[in-house]
Amino acid sequence: MLPEKDEDLSLFHSENEVLDQLNRILSSDLFYKSSVLCSFLKFVVEETIAGRTDGLKEYTIGVNALGKPADFNPQIDAIIRIHAGRLRRLLNEYYSGPGNHDSIKIEIVKGTYVPLFRNQVIIKTEGEVTEQRKSVEFDRTKLTLAVLPFRNLCSKNEFQFFVDGLGEELTRNFSLSQDISVVAHYSTRKYAAQPEDIRVIGAELGAHYMITGSVKRSAGEIRVNVALVETMKGIEVWSHTYTNVLNIDNLMNIQDQIIENIYSCLGGYYGVIIRKSTIAQRRGFSNIASFDASLWNYYYHMNFSLESYLTTRKALEEALAVDPNYAHGLAMLAELHLDAYSLGYPTVEDPVNESYKLVKKAIKIDPECQHAYQELGWTNVYLKRKEDAINALEHCLSLNPSSVSSIGAVGFGMACAGEYKRAHILLTQSIELNPHCPWWFYLGFFLVYYQNKQYEKALEFANKIETKDVFMDPLAKVITKAQLGLTDKSQDDLNKLAEEFPEIMADLGPTLNTFLLDNSLIDDIMAGLNKAKVTVARTF
Amino acid sequence: MAENIESIVRVFPLYEEKIDFLFQADENFRDLCKDYLLCAGNVLEMKKKADSYSAEIEEYEELQRNLEQEILHIIIKEDPAY
């Protein structure tokens, strides 16, 4: 038996199975016409089967597989590296087409010539039922979570209603989330009586993550342990212990607080689940086709840059080409168009109206789509319809009031719409529930404090905005320092504005006017620039 | 990176915008272009040094043609209205 090269999967294939798969690939039309790549693949697979992976270097491949002379020097001749790239791409093409239904996937990942042998999801054809064989790979169109029944470690199983309620209520809360699918709690209940390896349960339920937990009590306290487990590797990625004074009459409140806290930490697009997923996916997959469009979007929102914007846009457009009724995707694309418009990134011809069309379509497809209402609010900010903007943003919140990311995003929208008190309440609430927020939440706070002439607080938040390719970062620092008489300490940011954003600075008034509804705030920003001795056009 | 884009655009002048987009958005495409430029550079270098046409040059030239086809294939399969 051959050990699976990816130790995480811990699965095994026989030599014959791998050799059969190799022959299947080599006899395909794609490979048949390239004897070089066939020799390359055959050599690395056979050497791996024979256990000689240490010798899989460019020199040995060149000499033994591609007929290079004994004096072949890979340091000055890159031909093996170039062929390796071709081989990786051809294997990808094979598995996207003719090899789609093969049970074993042979991969050569970047940085090594040792192939990996993985299981593939099998989809039966000709009317047969679709099934997954050893489902170690999931449909990644949406992150999926399962909440396992909590274990009751109290004596005589007391407080069972409380223990059961935790699993049920957590499932209900996550089911309101657009970002994560949640397996029905009923489907997970059988595991309460049949303990099983978490990786097996994950595979059976098709869940990427699982929440597990237990409840125990002492004389005066009730303690709830909660953990988040990544099911592919079976490792715990987050855990927390909630200890409360035991008060029988107050158990429901305790339960509600615990659930709210867990959801705040784990849910939303900067919660632990999505943060961990975006990191893992980026590390493991260089091909954007294998990276969920929505995860790219979350990554983009935490790390604004031109490159992540372009990648996200491409991924979303590809996802929408496959499923034009993907409401959440339509809303995310609308958001991208608006961001690009404000940030000076390349975008569509009429981004505001294009976004408006997209959100309208998203709402028509899914009237419960929270993200679509968030973007409807934003689009109305851009269209200068303040009342409509506020209504849409409030409706967005009402669709899932527990969503910390939405609370913050709506707070930021309110700041841009000039509703500073409401903005401050929402941003504060969001950041208290989960401090791992995107940089633009800090920009929301900055706007609130700057317009209120609380420049020290404004500078505190301006200093927390750390992002690249966004002119508001250096601008916020420059104007606040100028208001505080600290212009001599803003030379780096002044240089950044002049060197990286000359076009935006030449057109700053109209640019700010695209997303700030309060003209007096724009005047204050211009006044800050005047104090910093930066001359820009105010007209818009 | 800008130099690489320009070099690829010189080979496919009709697709400048798509190349620019793919270069920024698709790591695989970037790798493919780097391999192509490396290969094309090697062909030129070998031709300068060699007295006569060798099998090695021929091998590299064939590889260059294959990579060129791969690049074109990716550009063309892109949605023209991206």
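Modeller: The lining of the largest cavity is made up of 13 nonpolar, 3 polar and 3 charged residues, where nonpolar covers Ala, Val, Leu, Ile, Met, Phe, Trp, Tyr, Cys and Pro, charged covers Asp, Glu, Lys and Arg, and polar covers the others, Gly among them. Residues are numbered from 1 along each chain as its sequence is written, while chains are lettered from A and ligands numbered from 1 in the order of writing. The model is a predicted one, in which local features need pLDDT of at least 70, side-chain atom pairs count only at pLDDT 80 or more, and totals for chains, interfaces and linings use all residues, with side-chain values taken from heavy atoms, leaving out hydrogens and water.

A cavity is a set of points, on a 1 Å grid over the protein atoms alone, where a 1.4 Å probe fits but cannot get out, and its lining residues have an atom within 4 Å of a point. The largest cavity holds about 260 Å³ of space, a volume being what is filled by probe spheres set on points joined across faces, edges and corners. Of its 19 lining residues, Phe304(A), Asp339(A), Trp378(A), Tyr382(A) and Phe412(A) are the closest to the centre. Helices here are DSSP runs (H or I, at least four residues), numbered from the N terminus. In chain A, α14 (327-343), α16 (370-382), α18 (404-417) and α20 each provide at least two residues of this lining, and α14(A) gives the most, with 5 residues.

By class, the lining of the second largest cavity divides into 2 nonpolar, 10 polar and 1 charged.

A nonpolar core is a set of buried Ala, Val, Leu, Ile, Met, Phe, Trp, Tyr and Cys residues joined through side-chain atoms within 4.5 Å, and buried means under 20% relative accessible area, against over 50% for exposed and partly exposed in between, with a 1.4 Å probe and protein chains only. In the largest core there are 137 residues, and Ile211(A) and Leu512(A) have the most contacts inside it. Its largest share, 11 residues, comes from helix α20 (residues 439-451) of chain A. The core also takes at least three residues from each of domain 2 (143-267) and domain 3 (437-540) of chain A, with domain bounds that come from an automatic or database assignment. Leaving aside residues up to four places away in sequence, Leu512(A) touches Phe471(A), Met472(A), Leu475(A), Ile522(A), Ile525(A) and Met526(A), contact meaning heavy atoms within 4.5 Å. A second, separate core has 55 residues, among them Val44(A), Phe72(A), Val114(A) and Ile71(B). In general, nonpolar side chains in soluble globular proteins tend to be buried together.

Methods
On a 1 Å grid over the protein atoms alone, a cavity is a set of points where a 1.4 Å probe fits but cannot get out, and a pocket is an open set with protein on both sides within 12 Å along at least five of seven lines; lining residues have an atom within 4 Å of a point.
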